[in-house]
Amino acid sequence: MSALDNTLEVREGVDRETVETVQSMAGKYKHGWETEIEMEFAPKGLNEDIVRLISEKNREPEWMTEWRLGAFRRWLQMEEPDWAMLDIPAIDYQEQYYYARPKSMIEKPKSLDEVDPKLLATYKKLGIPLKEQMVLAGVEGAEEQQDRRVAVDAVFDSVSVGTTFQAELAKSGVIFCSISEAIREHPDLVKKYLGSVVPVSDNFFATLNSAVFTDGSFVYVPPGVRCPMELSTYFRINAENTGQFERTLIIADKGSYVSYLEGCTAPKRDTIQLHAAVVEIVVLEDAEVKYSTVQNWYPGDEDGKGGIYNFVTKRADCREDRAKVMWTQVETGSAITWKYPSCILRGDESSGEFYSIAITNNWQQADTGTKMIHLGKNTRSRIVSKGISAGHAQNTYRGLVSMHPKALSSRNYTQCDSLLIGDQCGAHTVPYIEVKNSSSRVEHEATTSKVDDDQLFYCRQRGMDEEEAVALVVNGFCREVLQALPMEFAMEAQALVAISLEGSVG
Amino acid sequence: MTAKAILGHRAARRAAKLEATAVRLEALQLPNSGQWLRRAREMALARLNHMGLPDRRDEYWKFTDPNTLLQPEVLPAKILDITDAAMDFVAFDRLKIVFVDGVFDADASDDLSSEGLEIVRLAEAGASDIHWAREFYGTLEAEGQKPVDRPLAALNTVLATDGVVIRVTGKVSRPVSLIYLRRETDAEMILHHLVRVEEGAELTLLENGPGAARLNTVTEAWVADSAALHHVRTQGRDHERRAATHFFAQLGAQSVFKSFTLTANGALSRNESIVWLNGNGGSAHVAGAAMGDGKFHHDDTVFVTHAAPDCESRQVFKKVLRNGAVGVFQGKILVRRAAQLTDGYQISQALLLDETSQFLAKPELEIYADDVKCSHGSTSGEIDADQLFYLRARGVPEEAAQGLLVLAFLAEAVEEIAHEDLAEEIRRKLDGWVSRHN
């Protein structure tokens, strides 16, 4: 914490509160404790037998096993990507466990009441009580949100320990379950969509995930249904030397709507742990998906020891007209973040949005951003990225905006801002812009001065200074999503948004 | 068995690339020259062997295919009856140095000894054993190979047949004007210039003319403390010529470097500018206006390194594209830890006049100092319908209105030229292009 100690001189334009909040985030990783629980492990290392074992443990049909083996064989031919601005120590893929589940989960409990109390206590401590109650404990201002309910799928190391509100969701036709359950219960949907957004051989980490994913969430929202509550998955890594490889598949059928939230934490350990996830979202005609993440994996200690290596492939396919997707991410954890939630805007008039706050401190490294692939006519995309870098951290925004020749009259607006706190860190911007038709308009700004001029003008006219006005405008649309986060760190995330804006003007 | 145990594709690709490079370089004939120049060429050759020749799969060549710039045969380029390219700056009092198809033309050039500045041809300096240039030739190019390989520049250091070596110690009254003419349809021009502007001195360097069917030029410039170098270049209008240029500039404290390039047509142009701000309070402006109609691929690649505090840099690049023309911008501002109080600005904009043109951009920031002001913007789109309507509503005919808006769009880049009369000359050329292409 040397870079951010109390004697740190606060620069003009950087609020002391900003510095202090970042400091408080960095020094105290709240979720670093460990649950002592008897675990069952697959043998260490990775080979075809392990892949088969994972498939067997999940009681998967033959086609799924073959799918995994195909991915594994492909993976053996691949190399880790090296283009990100990340200094990644060599990862020994044989030194990890690829499957770990609490012994009490060997026989899957029939209902939440039967789940091992230790597991329930773990989630309770994280602020995620696995009870179908009206209000989530620990959320400030919960009284005002009396009618807000959240269905939770809780993933502990390699297995889902339970999913709440399943019965009630089923009444409106929404399927919300673990992916392993979906493979068994809804094979047609899984077969049709799994790997259709992120192909098996998409990239090194996605391919690895395809071979060894153990659990994750599955969501299907039928045509015309507005999902009656927020859905969320909480990922917890607990076991040592265990990688977590989750797979999430969300399908929003025609005219439907769903908001999905994801949270993640892990105990403090001196050794690194791997996390390679794949999230696929299919959005059909007129449907809308909001996907929000508060990523708070253990970031390693002040000397950069330990922490999660977070390699995530997230992609949404707006497959039909007027489909809409919105990614919101608050990235505060992980020693290494390699993550580019992307939108394929295939349908005409489809739209994609990406709002990101990435905070790195100490020795954390983040290379994150988005891809907006405009294929359909009149497609819209918007990217707002805020990076805060402190300590010895490196924070990179990497993005692609691509306007294909047929994506006529499309529009993109990108804004990336970085804030450095201390002189040992780095903040970088690597945008790729490819425009292949003239009727589309693409704007990339790395200054905040061009945030919606009309709104700015409105605020300025009422006596706010520019920084206040910009903070208000940007916070306006971020807040809308962040407020919806039901996790106990929702407030934390909101604080992060606020601080990310201060001092970022000019 | 791990993934790493298998021979990586990347390693295999690199091995294949280096092998192909070695084969290709083996066949090269180094130009005749004196000892020090020969040594510098051999060192560059070693660099080149180490990095390999570029191909489309290299990140730095993602948007531009280097093949036609590298292949042994020069693709012939028709010589158009265009006199104006050679006529650029004709009204200016200047010291003319003329190369025809890359070969020095003494008759057409002015007397080099008359100017109160030290200026010789590279071929002459290279023949002498003790010329000052031997300490410098290829050194900035070598430094510019990090963090990104620039193999075409190293190739130039190996193969350059001539160039000019200039040392300026005071204020030079008239600009030095390098004029590149061409006579053959398949000639190649490989020139390498060294420019040293000593403390407090000032030089304006002009370059114009089509040059050759294919050209590869490197300029290495040292701008000492409180010195100034102004560079204005027009690249000729021969539609089929291919050009790779590198301008390396190292700046001292309180120095000024301004470079502007006008490109109208040409099948392929890759203009790289590599600038280091090494002294406090330096200022670097790199700008370009490019207009492409039809088979035109124009690539501006700029790398500005802020290594000292309190420096300012600007990159302003504008492109007007139509009929399938492709514009590329790769710009980077690197701010090192020591470079506090940096003011970095970068803008790249394309005006696409029809549906078939393309703009590909990668505007990058890499910042390691916390008290800096860096911004970049990049936009692409067609002519603003509202603006067009405004002019039409006031009775301006459609074509004229469009022309006006194109000129207004390009104006910001031209404003980076310090000398108003040179800026005026460039505006006249832009006017001409717009009226010809409406």
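At what angle do helix α9 (residues 398-414) of chain B and helix α10 (residues 420-436) of chain B pack? This is a predicted model, in which local features need pLDDT of at least 70 and side-chain atom pairs count only at pLDDT 80 or more, while totals for chains, interfaces and linings use all residues. Residues are numbered from 1 along each chain as its sequence is written, and chains are lettered from A and ligands numbered from 1 in the order in which they are written.

Select the two helices (DSSP runs of H or I, at least four residues, numbered from the N terminus): they pack at an angle of about 150°, with their axes 10 Å apart. The axes are lines fitted to C-alpha atoms over the stretch in contact, and angles run from 0 to 180 degrees between N-to-C directions. α9(B) and α10(B) are therefore roughly antiparallel to each other, a term that applies to angles over 145 degrees.

Next, show B:G403, B:V406, B:L407, B:L410 and B:V414 in α9(B), which meet residues of α10(B) including B:A423, B:I426 and B:L430.

Now turn to the two chains, where 35 residues of chain A are in contact with 36 residues of chain B, contact meaning that C-beta atoms, placed from the backbone, lie within 7 Å. On the side of chain A that touches chain B, β22(A) gives the most, with 10 residues.

Finally, select β22(A) with strand β18 (residues 358-367) of chain B (strands being DSSP runs of E, at least two residues): 6 bridges join these antiparallel strands, and pairing requires at least two bridges found by DSSP. Within β18(B), B:L365 is the bridge partner of A:T429.

Conventions: Parallel < 35°, antiparallel > 145°, perpendicular 65-115°, else oblique.
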